[in-house]
Amino acid sequence: LTLIKGALKIMAWTKAKTAMVVGVAAILAVGTTTIVIHHYRNAPLFSSTKELSSEEETQYASTTGMTPEQAARTFFEASERENWNEVAKFLQPQFLSANPLWLDRFKARNGGLEIISLGKPFRGRIILFGNQEYAGVYVPYEIRLKDGTVRKWQLAIRCDNPEHRWYWDGGM
């Protein structure tokens, strides 16, 4: 009986040590992740930016039928009116087929938004991706969602495709 009690105590202690090690590892992982996320949220996204020239804007307009700012405005106004067919025109077909629930989540979050302002479109070099220049254009925006939340960021759009159409590429 003494041997069995001793073996049970050793097994319980081993189990407790394992649980403590797993708990400490989880706390360290969460703490490290929090620090990394906090760092990247507060770190600058771009190493450099350059506003589009009027010649570049004109070239985009002649190629696609819209300047980057007009494309961003059309995208946001479609969201404002909850015209999801128009919003879907800015989404690459392969994106929608790969992410079938994305549009439903986008509708719930961004339907009925209000455009506060759109800024001057620019190109930027992104620090997080090896300081490479993005192939598309960024359009700074400020919008108010239905719940009153104000969002201020950059809409990433691009038209470097065979159709020469503006497609949403991020920033929402």
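Visitor: What share of the contacts in the protein chain with a separation of 6 or more comes from residues 24 or more positions apart?
Guide: Contact means heavy atoms within 4.5 Å. Here, residues 24 or more positions apart account for 55% of the contacts with a separation of 6 or more. Keep in mind that this is a predicted model, where local features need pLDDT of at least 70, side-chain atom pairs count only at pLDDT 80 or more, and totals for chains, interfaces and linings use all residues. Residues are numbered from 1 along each chain as its sequence is written, and side-chain values use heavy atoms, leaving out hydrogens and water.

Visitor: How many helices and strands does the protein chain have?
Guide: Helices (H or I, at least four residues) and strands (E, at least two) are DSSP runs, numbered from the N terminus. This chain has six helices and seven strands, in the order α-β-α-α-α-α-α-β-β-β-β-β-β.

Visitor: Where does R123 lie, and which residues does R123 touch?
Guide: R123 lies in strand β3, residues 122-126. Not counting residues up to four places away in sequence, R123 touches several others, including S48, E56, Y60 and G136. A polar atom of the R123 side chain also lies 3.2 Å from the backbone oxygen of G136.

Visitor: Is I4 buried or exposed?
Guide: Buried means under 20% relative accessible area, exposed over 50%, partly exposed in between (1.4 Å probe, protein chains only). I4, in helix α1 (residues 2-42), counts as exposed because its relative accessibility is 53%. Across the 172 residues of the chain, 29% count as buried.

Notes. A polar contact is a pair of N or O atoms within 3.5 Å; within protein, one must be able to donate a hydrogen and the other to accept it, and residues adjacent in sequence count only if both atoms are side-chain atoms.
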